[in-house]
Amino acid sequence: MGDGHRYIPASDADREAMLREIGVARIDELFASIPEALRLKGPLSLAPAMSEQELLAEMSLRSRDDRRPSDCAQFLGGGAYRHHSPAVVDHLISRTEFYSSYTPYQPEISQGTLQAIFEYQTLICQLAELDISNASLYDGASALAEAILMAERTAHGGRVVVSDRVHPEYLEVCRTYLANLGVSITTFGHRDNGGADPEAARRALREGKASAVVVQHPNFFGCLEEVEAFAAAAREAKTHLIVAVSEPISLGLLKGPGRQGADIVVGEGHSFGVPLSFGGPFLGFMAARQAFLRNMPGRIVGETRDVDGRRGYVLTLSTREQHIRREKATSNICTNQGLCALIAAIFLAVVGKAGLRDLAALNHAKATYARKKIAAAKGCSLPYAAPTFNEFTVRLPVPAEQAVRLLLDRGIVPGIPLSRYFPGMERDLLVCVTETNPRAEIDRLADELGRLR
C-alpha cells in the first residue's frame, strides 16, 4: 500500500515519479486553474479518525436516536413507494453472475446480462404499450428530461408544454437539464378536480411551436389524467405527447399510455422490486414509438442470430458520445441501471401479468377504502374529485407539517406536506396507501387525523 495511506496504492516515490514525468513540481500545481480564493487553506474540520471497532460502536450508538421504518405505519409516496418484493428476487440478483452488471461490451461473454436487459426492455414495452425501450436510465426525473430532449431532437420546437401537476422535483430536474440548451418550459394549469386541463394545454400550444406536451399519470397529487384528451391536443398541434409515470404498479390496472396516444412513456421503475433503501438507487425507464429508434438515449439490446443460426443478444444502438462522433450523440447517459433493471425484470416475471393486475387492484382498493375513511374523519376533506390510484390529497384542519410531527410521535408517518413544494397548501397532505398497509393501519390513520384540532 501507499506510504501512510491505507487505501491508496501509490507510494510517495510513485507520486514523485509521475509528477516528474508530466513536468510538475508539486501536486498543488495541478489545481492552478482553481482561483486561490476558492481553495481550501487547511485541513477539513473533522474529528480524528477512528478504528473500525470504534466506528462501529459510534454508529450503533447514534442509530438509537433514529426511528426504525418498520416500527411505523407509513403512508409516504410522492415518487417513492413502499411495496413488497418476493424473496426470490433478492435471491436471484445475488447470484455471482450478476455481481458486476456493468455495460456488456463483449457479447460473446455477456449473453446472460444482455438477455436480461432484452427481457427488461420487452416487459417495459408491454406495460407502456409502445414499440421500443432502452436498457434503462438513472431515475424517473432524468428519464423525463431525456424524453424532452429526444422530442426536441425530432421536432425542433425550442419549447415544451408541461402540466403543473407533474412532480415538482421532476420539473426542477428538467429545468436544470434544459437551462443551457435553448429549450424553454411553459407550464399549463389544472381543473378544480385536480387533473390537468386539456384546454389549458391547447391554449399553451397555440402560443407557439412546441416539441412536446408533458403530463404525469397518475399526477403528483394522485389524480388520474385524461391521456387521450392530451393526445388529441398534441395531434392538433402536430407535436409529441410524453407521459411520465412515477408509480408503475398503476400500469397493471390502467390502459397503457401508448394505447391512449402517448408517443413517449417514461417513469420511475423502483416499485418493481427495487428497495427504497433510504433514497436510492432508483430506476428510470423509457419506451417510445419506432420512429424514435435512432434518437433514444443510452443503449438498446437487440436479438440476432449467429453464423450457426443460434439466437444471441448484442448492443444494437449506442448513441452516446463515447461510441460515435460527439456532436452526433443523443445523450451523455452512460451506464444503464443494469442491476435495478434486472430486479425489475425478475419481479415482473415472478409476479406475472395476472399478478401485477391483482397487485394494482389491491393498491387501488386499499386506497379507496382509506379515502372514504379519511373523508369521514372530523375536520378532514378531499379537495380533488378526480379518480385516483393509490395516492390522494387530504385537506386537514391544521397545518400538514404540524400533523406530521404529532403523528410521528404516535408511530405514524401520515404522508407528505404539500407546502414543501407549494406555498399556500399548508393544510394539504399527500397520502399513499399500498398493499403493505393493513386495514388496521388505515383505520388508525383516519382516527388520528380526525383528532387533529
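**View 1. Pro281 sits in the loop between β7 (264–268) and β8 (284–288) of this predicted model**.

**View 2. A cis peptide bond joins His217 and Pro218**. Omega is about -5 degrees here. Pro218 belongs to the loop between β5 (212–216) and α8 (227–236).

**View 3. Glu129 has a positive phi without being a glycine**. The angle is about 60 degrees. Glu129 lies in the loop between α4 (111–128) and β2 (132–133). This residue is partly exposed, with a relative accessible area of 32%.

**View 4. Ser136, also not a glycine, has a positive phi of about 105 degrees**. The loop between β2 and α5 (140–155) holds Ser136. Ser136 is buried: its relative accessible area is 2%, under the 20% cut-off.

**View 5. The whole chain, for context, has 11 helices and 14 strands**. Its C-alpha atoms fill a box of roughly 75 × 60 × 50 Å along the principal axes. The radius of gyration is 25 Å; a compact globule of 453 residues would have one near 22 Å, which agrees. Of the 453 residues, 49% count as buried. Among contacts with a separation of 6 or more, 71% come from residues 24 or more positions apart.

**View 6. The chain exposes about 22,700 Å² of surface**. Carbon and sulfur atoms supply 54% of that area. The chain carries 51 positive and 53 negative side chains. The centres of these two sets lie 6 Å apart.

Definitions and conventions. Residues numbered from 1 in each chain as written. Predicted model: local features only at pLDDT ≥ 70, side-chain atom pairs only at ≥ 80, totals over all residues. Heavy atoms only, no water. Helix = DSSP H or I, 4+ residues; strand = E, 2+ residues; numbered from the N terminus. Rg over C-alpha atoms; globule rule 2.2 N^0.38 Å. Buried < 20%, exposed > 50% of the residue type's maximum accessible area, 1.4 Å probe, protein only. Contact = heavy atoms within 4.5 Å. Areas by Shrake-Rupley, 256 points an atom, 1.4 Å probe, with all protein chains shown as cover. Lys, Arg positive; Asp, Glu negative; His and termini not counted. Charge placed at Lys NZ, Arg CZ, Asp CG, Glu CD.
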